[in-house]
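Dear colleague,

Please find below the structure that I am handing over to you. I would be grateful if you read the notes after it with the model open beside you.

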Amino acid sequence: MTTLLVRARAVDRRDQALDLDAFCVAARLHPDLVRRLVALGLLDAEIDPAGRYLLSATAVARAARIERLRRDLGVTYAASGVVLDLLDRICELERLLRVRGGRS
């Protein structure tokens, strides 16, 4: 099974963003859960003056990772941030090793 390692970033442009409904359909999550993940800092979202959420399309993969951690390993949402940060760091270190290994 392949797992995407995605680092969520703030939404930069509206044309690359999904509104809350579209994001929930793509991620197969309830809107209240998505709002909770944003409040916990696990997903980055831009909230416009009307209170509408805009999320990056790349955050769909991050949301899926959060759900897999909860479902398969019993990791709480609050602890998911630490686990995701560690996974991102491991990914970065592996990338650096590949780059460094290519120079030898």
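Leaving aside residues up to four places away in sequence, Glu 67 touches Leu 29, Leu 33 and Tyr 77. Please bear in mind that this is a predicted model. Glu 67 belongs to helix α3, which covers residues 59-73. Its relative accessibility is 13%, and because buried means under 20%, Glu 67 counts as buried. The side chain of Glu 67 also makes a polar contact, at 3.1 Å, with the side chain of Arg 70.

Just after α2 comes Gly 41, which takes a positive phi of about 85°.

Finally, a word on the cysteines. How many disulfides does the model contain? The count is zero. Cys 24 has a relative accessible area of 7% and is therefore buried. Cys 91, with a relative accessible area of 25%, is partly exposed, because that class lies between the 20% and 50% limits.

With kind regards

Notes: Residues numbered from 1 in each chain as written. Predicted model: local features only at pLDDT ≥ 70, side-chain atom pairs only at ≥ 80, totals over all residues. Heavy atoms only, no water. Helix = DSSP H or I, 4+ residues; strand = E, 2+ residues; numbered from the N terminus. Buried < 20%, exposed > 50% of the residue type's maximum accessible area, 1.4 Å probe, protein only. Polar contact = N/O pair within 3.5 Å; in protein donor to acceptor, adjacent residues only side chain to side chain. Contact = heavy atoms within 4.5 Å. Disulfide = S-S within 2.5 Å.
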